[in-house]
Amino acid sequence: MRKVYSKIEDISGNVITVEADDVRYGELALVQSAHGASLAEVIQLSYNKVSLQVFSGGRGVSTGDEVRFLGHPMQVSFSENLLGRIFDGGGRPRDNGPALEENLIEIGGPSVNPAKRIIPRNMVRTGIPMIDLFNSLVESQKLPIFSVSGEPYNELLARIAMQAEVDMIILGGIGLKYDDYLFFRDTLESGGALSRTIFFVHTASDPIVESLLVPDISLAVAERFALKGKKVLVLLTDMTNFADSMKEIAITQEQVPSNRGYPGDLYSQLASRYEKAVDFEGAGSITILGVTTMPGDDVTHPVPDNTGYITEGQYYLRNGRIEPFGSLSRLKQMVNDKTRKDHRAVMDGMIRLYAEYKESLEKKSMGFRMSDWDTKLLKYGYLFEREMMDLSVNIPLEGALDSGWQILADCFTPDETGLRTELCKEFWPKKSDGEKATA
Amino acid sequence: MTHATGKVVGVNGNLVAVEVEGQVALNEVGYVVLGDQRLKSEIIRIRGKRTEMQVFEMTRGIGIGDPVEFTGELLAVELGPGLLGKVYDGLQNPLPELAEQAGFFLERGVYLDALERGRKWKFTPRASVGATVTRGDTLGTVPEGIFEHRIMVPFNLQGSFTVEEVAGEGEYAVTDTVAKIKDERGTVHTLSMVFEWPVKRAIDAYVERLKPADPMVTKVRIIDTFIPVSLGGTYCIPGPFGAGKTVLQQITSRNAEVDIVIVAACGERAGEVVETLKEFPELIDPKTGRTLMERTVIICNTSSMPVASREASVYTAVTIAEYYRQMGLNVLLLADSTSRWAQAMREMSGRLEEIPGEEAFPAYLESVIAGFYERAGKVRLKDGTIGSVTIGGTVSPAGGNFEEPVTQATLKVVGAFHGLSRERSDARKYPSIHPLESWSKYPTIVDPRRAGYARELLFRGNEVGQMMKVVGEEGTSTDDFVDYMKSEFLDAVYLQQNAFDPVDAAVSTERQVHIFDLLFDLLASSLKITSKDEVRSYFNALRQRFLDYNSAAWDSDEFRKLEQEIRGMIDEKRGDYEQAAKDLMAEITA
């Protein structure tokens, strides 16, 4: 029987301090207050002073409340029984189902030995041309969707979840609006995907400390399934809320802030989560798709900025479309040479021309006379946005490539595209009499 | 001598406070004993009996009162034959061997020998008995891949020594005795092929430092021609995320014309290291016929690995680079990314509650960065041979803003600046090095005056481009428009390079000089075209041919055929040299 301590010395924000012996760093404790019991984690030791972060928050905790140390760090139950279930950030059921206690595993484990990683090689097809053609998603990739509040990022996430070829999905909701949680649940349910999904959802009204646990719990469970050979897709929305929770706690702990109040280890903290994305040789894989909302649509804000340095690319979602500029899948080169031989050339060529279209558009808006070249570009830009960028377009990669050639042929001569002559010879549509691509 | 011991009295993240019995030194290594695990740590502050240590592992589970054992030694790396081809973490723990022992995950507290103890090396003695030697002198050699690995008098032995004994020719393991030397006081030192050197001290067993003057060819046109790097020089690559820093580093690690490449993956993505890790053993270096791995050492402390060993990793890398330099070799160290290393310092500084400098980086940031880059250099060794360490570091500035402390501190101490631009990478113009903002203090591989002329043209083209945004194409004179198109053309066919095209990915010095001459004729001449539309279609067509030409193998039939076509197209429209070019050519031939 472990000792119970009943003298809390300091309470500051969500952090309480007690005097106790034989406590280990990272250990869990149970704080019993008038409002119920809450777990707490040891975050600092100094002689016999133990600082704990209380998961349900410091409000209502009294100096006389009991603290009982549990002798182990944060754990979560792992078994097939998790599938189809919905839990909160602390791992408690949110769906009125039974609590799971068997086969407990630790969360936040060590990172994978780089020497044991393998080169990603499988494309995850989504049927969205801006992803499949221009920035292919690859198994074991970690990729955030950069967006701003109000954009349909959760809808995009749900659509990718439904269409992507994976064995199971783990949805980690961090500070999720209750409506959005219901949206995910209903969409996956009506799509028949609920039985291969596990939810760990922290909603906006839940205690802030619990939001910090969501990525770790989701990824610890994902890791176990991956080791058992499953291809797991982990969706984390919204990682900006995760970073903001860290900021809030760091400030209450009086840590020296580095940039706009965020703690100096923001990069390392985010990296240790995203780096859980992996392809295990001889077993399964973890692919992470996150959402990072950019406060004020500012990509230089510390959260998107640090995220961008960690993840293998990003999708910009703006005005309901995945932007071709800035969006990048760093791993696409691993897979897009095995699809069709014109894939890379079409990808680069079309984006280059779209960039030129943007310049012409700018000139036009400033009232300059449009040259013949500008006129061609304007037509191209219009077609590109309609046939490729629109999120409602749902075609396989090969169809998207053909449609790309058609758009080029409708607007330009082969010389003007900057594409290599031999490719043009092979793929240039035979008839290009100005008719619309797929109108 | 017994070493100090201590007990843990505080834990805060990866910072552990220890109360010490006995004498300890700053940067001394100690182990926190946690059951049957021993966690490596380094002393970073001493205050009376209380010392603070950064733990190179996860600190979960450490409790008050846990014992700490000190070693009396500073953080050091093992130097000896067998480093090449290895993959280490920041503390020189070999990762593949660790994986064999611990499986998929990085088990904490497992430390393995950096150099294989069982492997035998064919030793050939060089020093003779009775000879006088000092540190860094060669006692014998062993073949390591294509190199002759010098077994040297350890750099930490000061003074002069007399050789008492040298092992005969034969097969030895790294720890076998290969020589005995006697110092001036008569003490005999027994030497094996391996010794240790503290990572945070520069190896200085050379006669003098020389000015870096010979180019380090990277086979990237924009670098070699316009913003070159010299052997023994330093350069930095700052750029926002997604601008292609790491790809550029990978290309350089493959193609650079140096003897040895040390890749320090410091706090970046593990996936990127894996590419190097898995591909290098397969890729053949055309120069030597051996795999690239045989000339490479990878130090890999990726972003999710403990932050304290990230701080150590760049020092581990540079120490190994200096060691091979001592053999008269040209070594290139690629550090990706120095910002993560600076952030590691910031994290520790924060935990130590030091007074923060700009953006919470520690006040000593600049001097530490300067100290690191100053370990590059070209040196003359005692036997007259020349060796060099070239350092290329990427910088990941917060928000892509080059005004931040790490970029600024780096720019002060490097010889070349390859600034990557988001604008160029968005437009898929790779490598996205900004041709106008970047600079270099090192000599180019082509004729410098003509390179200067071409660069002037880029500036002029940019000016015209800016102007055209205001006054439109119709308000621009044809001459200006031609300049603009020329600079765009130079950008498209010379500055940009397709890293995924087998031919275009690496362009030899010979080919660069050849193409540049061809281009220069066009760039320096007036054109016999009058309408802008004609100018545009002329350059479009020329660009098309040139891109095909760039991917034709050097000196192949196709190459010659395309070159003839291009020459024809140029000669057809080419007028006289522009006045400035005329003057320049007169100067060159004079």
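## Domains of chain B

Let's start with the layout. In this predicted model, chain B splits into four pieces: domain 1 covers 5–74, domain 2 is built from 85–111 + 206–440, domain 3 takes 120–193, and domain 4 runs over 448–589.

## Where domain 1 meets domain 2

Take domain 1 and domain 2 of chain B, whose C-alpha centres sit 30 Å apart. On the domain 1 side, 21 residues take part in the contact, and domain 2 of chain B brings 14 residues to it.

Put together, domain 1 and domain 2 of chain B bury about 1500 Å² between them. Carbon and sulfur atoms account for 53% of that area. Which residues of domain 1 of chain B lose the most area to domain 2 of chain B? They are B:Asn14, B:Phe56 and B:Glu57, and together they make up 33% of what the domain 1 side buries.

## A helix pair: H12 and H14

Now for a pair of helices in chain B: H12 (residues 509–523) and H14 (residues 557–573) pack with their axes 10 Å apart, at an angle of about 20°. Angles under 35 degrees count as roughly parallel, so H12(B) and H14(B) are roughly parallel to each other. As for handedness, H12(B) passes H14(B) in a left-handed crossing.

Who touches whom? From H12(B) come B:Arg511, B:His514, B:Leu518, B:Asp521 and B:Leu522, and they meet B:Phe559, B:Glu563, B:Ile566, B:Arg567 and B:Ile570 of H14(B). Sorted by class, this contact between H12(B) and H14(B) has five nonpolar, one polar and four charged residues.

Definitions and conventions: Residues numbered from 1 in each chain as written. Chains lettered and ligands numbered in written order. Predicted model: local features only at pLDDT ≥ 70, side-chain atom pairs only at ≥ 80, totals over all residues. Heavy atoms only, no water. Axes fitted to C-alpha atoms, helices over the stretch in contact; angles between N-to-C directions. Helix = DSSP H or I, 4+ residues; strand = E, 2+ residues; numbered from the N terminus. Parallel < 35°, antiparallel > 145°, perpendicular 65-115°, else oblique. Left-handed = near helix turned anticlockwise from the far one by under 90°. Contact = heavy atoms within 4.5 Å. Nonpolar A, V, L, I, M, F, W, Y, C, P; charged D, E, K, R; others polar. Domains from an automatic or database assignment. Buried area = accessible area lost by both parts, 1.4 Å probe.
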